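Subject: Structure for your review

Dear colleague,

Please find below the structure that I am handing over to you. I would be grateful if you read the notes alongside it.

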Amino acid sequence: ELSSGINAEYGDGKLSFDLLSSVALSGTNHEGDQPPHLTLKNDNVPVERNLGVFDGPEQRFCPAGVYEYVPVEDDEGTSRLQINAQNCVHCKTCDIKCPSQNINWVVPEGGGGPVYNGM
């Protein structure tokens, strides 16, 4: 009964919160000029295997919403995997849960991991 009326996508601001606000609270900082810390071993695997066989689990297992399938602008009906690395909270879930083991997570430069104030 307590959960009625709470929009999981945006949160209610009291008991639940939207994804980007929660990512911001982690204090994670990525410098704009650092090399990518999230890469794919094979660029074709996300669409051909993960999306085709497993319905794109990357877009669900990442707690920070780093991975999303977006439509390809020039082609109707096809998608591509977009990596929003700036949202990464360095939990390494993607490195562990990718069914194809196609995501390569490396430690970012500069030690810009989460900074949980008050802990």
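The notes below set out what was found.

This is a predicted model, in which local features need pLDDT of at least 70 and side-chain atom pairs count only at pLDDT 80 or more, while totals for chains, interfaces and linings use all residues. Residues are numbered from 1 along each chain as its sequence is written, and side-chain values use heavy atoms, with hydrogens and water left out.

The protein chain holds 4 helices and 4 strands, in the order α-β-α-α-β-β-α-β. Here helices (H or I, at least four residues) and strands (E, at least two) are DSSP runs, numbered from the N terminus. Of the 119 residues in the protein chain, 30% are buried (under 20% relative accessible area, 1.4 Å probe, protein chains only).

N50 belongs to helix α2, residues 45–54. Its relative accessibility is 1%, so N50 counts as buried. The side chain of N50 makes a polar contact of 2.6 Å with that of E58 (a pair of N or O atoms within 3.5 Å; within protein, one must be able to donate a hydrogen and the other to accept it, and residues adjacent in sequence count only if both atoms are side-chain atoms). Beyond its neighbours within four places in sequence, N50 is in contact (heavy atoms within 4.5 Å) with residues including Y69, C98 and P99.

As for the cysteines, the structure has 0 disulfides (pairs of cysteine sulfur atoms within 2.5 Å). For C62, the nearest cysteine sulfur is that of C91, 5.9 Å away; C62 is buried because its relative accessibility is 13%.

With kind regards

Methods. Buried means under 20% relative accessible area, exposed over 50%, partly exposed in between (1.4 Å probe, protein chains only).
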